[in-house]
Each structure stands twice: as structure tokens, then as C-alpha cells.
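User: I've got a structure loaded up here and want to talk through it. Can you take a few questions?

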Amino acid sequence: MSELAAFQDAFVAALAERTAAPIAGWLPEDDTELAGLAVYRNTIAKGCVDALAANFPTVASLVGDDWFRAAAALFAREHPPATAALLAYGEAFADWLARFPPAGDLPYLPAMARLDWMWTTALFAPEARPLPAEAFALAPDVLAAARPRLHPSLAFAWFHSGLPGLWLAAREPEPGEMTLAEDPQGVLIVRPEDTVHSRLLDAAGFAFLAAARDGASLGEAITAAAHADPAADLATLFAALIADGVFVGLDLGDSA
Amino acid sequence: MPPTAGLGLKPQHYAEALASDAKGLWFEVHPENYMAAGGPRLRWLEAIRARRPLSLHGVGLSLAADVDPDPGHLAALKALADRFAPFVVSEHLAWSAWRGVHQPDLLPFPRTRAALDRIAANIGRAQDVLGRTILVENPSLYLPLTGHDLDETEFLAELTRRTGCGLLVDVNNVFVSASNLGYAAETYLDALPADAIGEIHLAGHGADEGGSALLIDTHGAPVAEPVWALYRRLIDRIGPRPTLIERDDDIPAFDELMAERDRAHRMLLGTGACACPHAEPAHV
């Protein structure tokens, strides 16, 4: 191994072990220089923590700055970034929080992290132009057979309680009383242009998008929505998704 | 590119940066913050780039690691350089990526001749992929490492000779490192090859909150007066160069940063060697 590689292994060990011993061979004999090593370690930790605070703003606001920074620093030691693009750092944070003992009395927190991650991922997703409402002015049978292409920024999920509502309330500039509803809720997150848009999704809306994501035609997706909630207003549901900017294309297939 | 003064571009200042009519103003960003498939950040940068020269100042290429530069990172950097046509691309004489982990800092190393070979090769590789030369910045240092074969100024000068790269002189880093390691900042600056210097950085530093006597390159404060004095000394010797005010933490209002930028700008216009006293942005 080259000296440079040996030094880099030793330096990483010194950072992890919080002692200058691994790099003692490259330091003056009379000097353990822990202060200098601490500067590097603190800068690394701050870089990771700042990135996580930017990528998980709702989690940070819910638990407060001190709690968040302490937890994020521990996460960063176990899951350091793999790349220099820290805007994509923290995919494992939600699962990690679910196993983090101090978060045990905050059972909603992993879901908040998961929703923040969906939002952050949508923010940096590829560009695509949503279809305008006019694009859906087709003969009923053609429309029903068309397979929609979904916006690359689109994320949606279903929760067995009101966690999405809690998350949306916590993201308000001045959050009011926050309560966790017991009823299941879905969430839709999409960035049709420059702004990430997020809203609650009902069972029919979630079933529609899940079917569309799996390659269903619009007719099949509407059927899935009707199965999920026979009382759903399907026309309103479809119009809302168009207005959300969820659809970027229609594959009309052979019937076109 | 006329040697005017620029400002590190921060997301909270996008609208003011786009609207500014300051003469000669250019902007610099960390490409790592734009390595995304899409989104408003890239659109803002596109809009601002349409009006202003841009510099890409990398923090993640890890040129001083004993490994080839990460092909994925280089490809992402190349894509941004092709898209935004920066007037300069720069990186650091430091490492951050090692064995699959990215440490978000600029880490030191013993400046051996073998390290020089490796880093020259890494710079060459990066320049080959990018299809252009880059500038390499002197780091801020916090550990009195031993085992160096070359002084940092010799090391940087040798890199320029071997690879054709230029230098980005961070005057604050010189000040911080000189204070931390106990040498004269003036001597260091005087030893740098003038012809290789393509850009200058100015930033603020702070005391170590850990209680040591170390100065920390925080980018979290205004440029200190001794750093302005060193800057004066440098441009008096080498002539004007594109100069950037960097601020990455505790970020104040745009106008406050522009006041620092304007100070650097006036100093550049006042240097006798300036070929373009009423510099407009380069045609882009």
C-alpha cells in the first residue's frame, strides 16, 4: 500500500476513534494534536448534519434543533454520505429513526422523515411538462384505453393513520394545533414546475395512482379507484389529478 | 474573463442575484449542490447564468485521495460544465472521498513526491474528462503533519508545471493555515507563481469553539482586515485576478455581501496592471 493510502486509512480511523493515535506517525512526537483533528471531525459532522437538516426540515422543526442535530450526527456516523452530492443524502434516515431508541416516544417521526424524503426527492427529480386538461379531450373509449405516463417527480403513499395530515400541518409556516387522526390517509407529492405540491390523497385516488404506476390504462385505473371507494366522485378525482400535474403523457396504443 | 469581483451564489439570494445590475459581477457555485436531475435550483442557475459569468468551484472531486477520481462524479461535473459553460472550474488540494465514504470536508495529507505523482495524475484525468484545465485551491490546515517532501507552495507550483492547471489562491486559507501551523502568510503568498494564479478567494474565519488557539475557515463571517491586507499585497504583486467573496454559513443579506464584493472590486480596478478598468462581464 502506498504511504498516501496508508495515511488516508489512518486518518479515517483517527476520525472514527476520536484519537490521533492512528496518525501519530505523521505528527510531531510531542504533540497529540487532538484540537486539529477535532476541527476536521466537527466540520465533517456539520456538513452531514446541515445536509440532513435541509433534506428533512419537518423532522427538524418537530423535534427542535438540539435533538435533531444530535440525532443527525449519530446517523451520519453510522451512515456517512456515499457521494459528494449531499442533496441526495439521507435515504436511510427514516428507517434509522424507526430503530433509534430516543425516538421511541415519537412514533410518528419515521413517517415524517419518509415524507420529507419524498418531498426532497421530488424537488430534485427530472423536469417534465404536465399535460394540460385539453389533452384529455378524447373519445371516451380512446381515453379509457390510454395508458398515462406519470410525472417523474410524482411520489405517493398510503398510511394506516393520519400521518400525512400531521406532516402537512407541521409544514405550515405557523403550525397550529397538530393532531394525529386515526383514519388512514394517503399523500401525493409532485413538482409539476418549480414548486413541490403536496396534498392528502383518499383511498380512491391512491388506488388510481397505484394502478397507473403499474401500467394500467385510465379505464383500469378508474375501475381500481371505484373498487377502493364505491362512493368516490371519479370525475372530480381525475380532474384533480390532471390539475395536480400528475400526467405527462398518454400512450394511446393501437386504438389511437 | 475580465478580472472583476464575484460572489458565492446562495439559494436565498437567487432573486437579488438575478436582478443585480452591478458592473462586472459574476457568481460561483459548488457544482455538488447542482448535481440533480432537475428542479428549481438548476432553473435559477440557468437564468442567472444567462446574465452573468459563472465559476464552478468543486468540493467533492477528492483530487488528493490515492485513487482515481470517481467517474460518476466527474461525469456529473462534466455535464454541469457543458451545460453552464463556466469561465473557470476549480477544485481543492485535498481529499474527501475514501473507500466509498464521502467526508464532507477538505482533508490534509503528507505532501510526498509519491503524493505529487498521484495528484498530478488525478488532475490530469479530471482535465482530460472535462476537456479544459482547472484551478487548484490551497487548503486551510489544522494539523502540523510531518513527512512532507515539499512545501505547499512548491507542491502547487509543481502541479501547475506537470498538468497545466492553474491556481486558485484562497487568501483566507493562507492566513488561517499560517496562523495554525506557525509560518508567515506573506512568505507563502510571495512564493506562489504569479502566472499560474487564475482566481482569488476571500472569506471570513473564526475562533475554535472547542477552545484551542486554532483559527477555523468558517466562511461564516466578513473577510477579516488582515486578510484584506494580504489580498492587497497579492494583487499589488501579481495584478488583478477574478476575486470571489465566499460566504457559506451565517449568511447575511445580499447587499451586505455585495458591499464586501464591491470593496474587492474597487481594489481590483485600482491596481495598475488592470487591463480593463471598466470591466463588463465577459461575453457569454
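User: What share of the 284 residues of chain B counts as buried?

Analyst: First, the ground rules: this is a predicted model, where local features need pLDDT of at least 70 and side-chain atom pairs count only at pLDDT 80 or more, while totals for chains, interfaces and linings use all residues. Residues are numbered from 1 along each chain as its sequence is written, with chains lettered from A and ligands numbered from 1 in the order in which they are written. Buried means that 20 or more other C-beta atoms, placed from the backbone, lie within 10 Å of the residue's own. By that count, the buried share of chain B is 50%.

User: How many residues of chain A are in contact with chain B?

Analyst: Contact here means C-beta atoms, placed from the backbone, within 7 Å. Chain B brings 42 residues to the pairing, and the number from chain A is 38.

User: Which element of chain B supplies the largest share of the side that touches chain A?

Analyst: Strands are DSSP runs of E, at least two residues, and helices are runs of H or I, at least four, numbered from the N terminus. Helix 2, strand 5, strand 6 and helix 4 of chain B each supply at least two residues. The largest share, six residues, comes from strand 6 of chain B.

Notes
Contact = placed C-beta atoms within 7 Å. Buried ≥ 20, exposed ≤ 12 C-beta atoms within 10 Å, placed from the backbone.
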